[in-house]
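Hi,

Here is the structure I promised to pass on. Have a look at it, and then read on for my notes on the side chains and backbone.

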Amino acid sequence: MSLSINGVLCTLTVLILWRGEELVEACSCAPVHPQQAFCNADVVIRAKVVGEKTVDTGNDIYGNPIKRIQYEVKQIKMFKGPDQDIEAIFTSPVSAVCGVTLDTSGKKEYLISGKVEAGGKMHVTLCDYITPWESMSPTQKKSLTQRYQMGCDCKIVRCPSLPCAISAPEECLWTDLMIEKQVHGRQANHYTCVKRADGSCSWYRGMTPPKKEFLDMEDP
């Protein structure tokens, strides 16, 4: 009998450890190009975080309260989103379920992208594009108002392994992870995928919006 009980306890321990490991690794996000993150988001703002508190946002199916972190933010500029300023953003309380941790001193500026929930609240996760403003390249900052929106009809495809190629003319091949072994490589920092007159998409580099001659070209 004791052997049987020990076997059950051992099995339960393995299951608990496995579940714990699963919870730690529960938040998994595929890397995306900053332009794709901009196009996928409902809201994109530049802001400082000036406060934080834990709030109840309803109950789960078992009647237990659902807690979230509410960050109070001071919006500096909105690049995409509703007419009114964003004053608070919400996130899950732990990183295991994609909760985001931000500096609340008000000294650091962030670019924050996220989704709008019912009621107009902005919700962010680790899978959204959130980065210190100072870490962005001049081209990325300029593209938030001039170029990223131009390419939202295009699709940026990540190269998983070499060789790789696009499968449709409206795609741009993103190779930073494969060639430079980093998410924030040359294409992420300096390039935008824009649509041209013939419906195809191509990478464009430059601080200013593409000229008509580039948009009218038939070949990359």
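To begin with salt bridges: I count one when a side-chain nitrogen of Lys or Arg lies within 4 Å of a carboxyl oxygen of Asp or Glu. Before the results, please note that this is a predicted model, in which local features need pLDDT of at least 70 and side-chain atom pairs count only at pLDDT 80 or more, while totals for chains, interfaces and linings use all residues. Residues are numbered from 1 along each chain as its sequence is written, and side-chain values use heavy atoms, with hydrogens and water left out.

**Salt bridges**

With that rule, the count is three salt bridges. Glu109 pairs with Arg46, and their closest N and O atoms are 2.6 Å apart. This pair links distant parts of the chain, since Glu109 belongs to strand E4 and Arg46 to strand E1 (residues 43-59), 63 residues apart. Helices (H or I, at least four residues) and strands (E, at least two) are DSSP runs here, numbered from the N terminus. For accessibility, buried means under 20% relative accessible area, exposed means over 50%, and partly exposed is in between (1.4 Å probe, protein chains only). Glu109 is partly exposed at 23%, and Arg46 is partly exposed at 21%.

Another salt bridge joins Lys67 and Asp56, at 2.8 Å from N to O. Lys67 lies in strand E2 and Asp56 in strand E1, so this pair ties together parts that are 11 residues apart in sequence. Lys67 is partly exposed, with a relative accessible area of 43%.

Arg68 and Glu117 also meet in a salt bridge, at 2.9 Å from N to O. Here Arg68 is in strand E2 and Glu117 in the loop between E4 and strand E5 (122-123), so parts 49 residues apart in sequence are tied together. Arg68 is buried, with a relative accessible area of 10%, whereas Glu117 is partly exposed at 29%.

The side chain of Asp176 does reach the backbone nitrogen of Arg186, at 3.4 Å. Leaving aside residues up to four places away in sequence, Asp176 touches Lys181, Gln182, Val183, Gly185, Arg186, Gln187 and Ala188, where contact means heavy atoms within 4.5 Å.

**Aromatic rings**

Rings of Phe, Tyr and Trp (its six-membered ring) pair if their centres lie within 6.5 Å; planes under 30 degrees apart count as stacked, over 60 as edge-to-face and the rest as tilted. The count by this rule is three aromatic pairs. One of them is the tilted pair of Phe38 and Tyr148, with 5.9 Å centre to centre and 50° between the planes. Phe38 lies in helix H2 (residues 34-40) and Tyr148 in the loop between helix H3 (138-146) and strand E7 (155-158), so the pair ties together parts that are 110 residues apart in sequence. Phe38 is buried at 3% relative accessibility, and Tyr148 is buried at 2%.

Phe79 and Trp133 have ring centres 6.0 Å apart and planes at 10°, so this pair is stacked. Phe79 is in strand E2 (residues 65-80) and Trp133 in the loop between strand E6 (130-132) and H3, so parts 54 residues apart in sequence are tied together. Phe79 and Trp133 are both buried.

There are charges over rings as well, which I count if NZ of Lys or CZ of Arg is within 6 Å of the ring centre and within 35 degrees of the ring normal. Lys80 lies over the face of Phe38, 5.2 Å from the ring centre. The charged end of Lys121 sits over the ring of Phe90, at 5.0 Å from its centre.

**Backbone**

Leu162 and Pro163 are joined by a cis peptide bond, with omega about -5°. Pro163 is in the loop between E7 and strand E8 (171-174).

Cys98, a residue other than glycine, has a positive phi near 70°. Cys98 is located in the loop between strand E3 (88-91) and strand E4 (109-116), and is buried at 15% relative accessible area. Lys181 has a positive phi too, near 60°. Lys181 is in the loop between H4 and helix H5 (186-190), and is exposed, with a relative accessible area of 64%.

Best wishes

Conventions. Polar contact = N/O pair within 3.5 Å; in protein donor to acceptor, adjacent residues only side chain to side chain.
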